[in-house]
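Reader: I would be grateful for a close look at one part of this model, namely the place where the two chains meet and what lies beside it.

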Amino acid sequence: MTDDEKLFAWLDGELAPEEAAEMDARVAADPELARLAEQHRKLGNRLSAAFDPIARAQVPEQLLAAARPSGHVIDFQAAKRARRIPSFPQWTALAATLAVGIFVGTIVQQRGSTPIEVQGGKIYAAAALNRALDTQLASAPSGDVRIGVTFRDRTGEICRTFTETASSGLACRSNGRWRVNGLFASPEGQASDYRMAGGMDPNLAALMDSTIAGEPFDAAAEKAAKAGGWK
Amino acid sequence: MDQSSSFEDQLMALLPRLRRFAHGLSRNSADADDLTQATIERALRSRDQWQPGTRLDSWSYRIMRNLWIDAARSQSRRAMREAPEEEGLAVGQDPRDAMDAAVDLRRIMSAMSRLPDEQREIVALILVEGFGYREVSEMLGLPIGTVSSRLVRGRTALLAMVGEQ
């Protein structure tokens with residue numbers, strides 16, 4: 001081990017106690033060595049200060065979705081972002097794009113009805129889903145669609161989360177319609193588990209967290225928003 | 001790590017750290033998240049190769065590192081190596097800005113992107129991710145003396161680039 005290597009191993013706590021004690025003494029006796037050690041200690045702290053916020057930050061929903069393929073995640077916003085010029089292997093974005101198409105197809109077939117419709121590359125609520133979003137209050141569930149949380153997003157539009165037989169999702173107002181911004185198909189047989197736990201699909205929760213401005217509506221605010229035509 | 005929790009749950013719990021490591025290797029945040037996503041996908045496809053009871057973190061880090069090396073060898077690499085001009089210019093600007101972690105992150109990522117790959121991965125694993133020399137030596141399949149000497153060169157070069165601020 002060179003002297004430099006020894007100094008750094010000492011800094012990193014990698015020396016055996018005896019060698020470390022020896023290095024303590026050498027650094028204490030040598031101002032030049034002490035200065036070098038201090039510079040590198042600061043560099044280490046600076047690296048931690050720069051990178052650690054990433055490990056504390058919310059993981060982007062696109063990555064959360066990628067880690068839960070069994071959740072059959074469909075996050076249209078993430079898929080859209082994934083299509084932006086991929087600088088990493090192109091199959092990544094290609095796979096994401098294909099996956100969206102496949103899962104939408106699956107859902108539409110499974111339900112036997114079409115709760116969503118695609119127009120101009122955007123996905124809107126249709127039929128029973130659209131009706132529930134328009135009329136249902138979280139406090140008065142009826143039918144197969146349950147409304148969860150209503151809130152305003154960062155652009156000021158009203159958004160509502162919903163749960164269906166086999167999926168849950170988020171829809172936001174867009175030009176007088178309910179645009180579906182995320183739809184998460186529950187794993188087979190697990191739809192009720194999420195509801196029993198009183199929780200939301202974690203992917204939906206992450207999407208909501210990244211969208212919401214302020215607090216969710218309480219019952220009165222939800223009712224008032226309905227009366228105001230969700231504007 | 002709880003061995004009884006599912007592979008997916010464990011991988012999910014690792015995502016914040018994997019993202020941080022990806023930032024240590026990548027030129028910018030967009031590349032880092034692309035690398036993280038590719039790592040997640042590869043890990044899920046290769047899950048049969050992971051032995052329950054062994055450390056999923058080392059295994060996942062190794063996948064990320066290998067994907068990064070593969071990308072490094074691919075043709076697009078030349079472009080990746082050169083930090084964009086604006087980021088290059090940000091290095092060594094007014095040191096008062098160094099208090100701002102986000103600004104400093106850009107500077108440090110830019111400086112790290114100019115380290116040779118074999119030094120950069122070791123700096124990221126030890127100084128950013130906090131692995132021990134022995135763990136890194138096993139993860140990368142390198143003698144511990146090689147890890148140690150690359151770490152010396154890497155951190156010395158990094159200090160010269162970003163200075164004492």
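**Where chain B touches chain A**

Author: In this predicted model, 40 residues of chain B are in contact with 34 residues of chain A, contact being defined as C-beta atoms, placed from the backbone, within 7 Å. Local features here need pLDDT of at least 70, side-chain atom pairs count only at pLDDT 80 or more, and totals for chains, interfaces and linings use all residues. Residues are numbered from 1 along each chain as its sequence is written, while chains are lettered from A and ligands numbered from 1 in the order in which they are written.

On the side of chain B that touches chain A, the elements giving two or more residues are α1 (7-25), α2 (29-45), α6 (101-112), α7 (117-128) and α9 of chain B; helices are DSSP runs of H or I with at least four residues, numbered from the N terminus. The most, 11 residues, comes from α2(B).

Helix α9 (residues 144-162) of chain B also packs with helix α8 (residues 133-140) of chain B, at an angle of about 110 degrees and with axes 9 Å apart. Axes are lines fitted to C-alpha atoms, for helices over the stretch in contact, and angles run from 0 to 180 degrees between N-to-C directions. α8(B) and α9(B) are therefore roughly perpendicular, a term for angles of 65 to 115 degrees. B:Y133, B:R134, B:V136 and B:S137 of α8(B) meet B:I144, B:V147 and B:S148 of α9(B).

Beyond its neighbours within four places in sequence, B:I126 is in contact with A:D12, B:F131, B:Y133, B:V136 and B:L151.

Key: Parallel < 35°, antiparallel > 145°, perpendicular 65-115°, else oblique. Contact = placed C-beta atoms within 7 Å.
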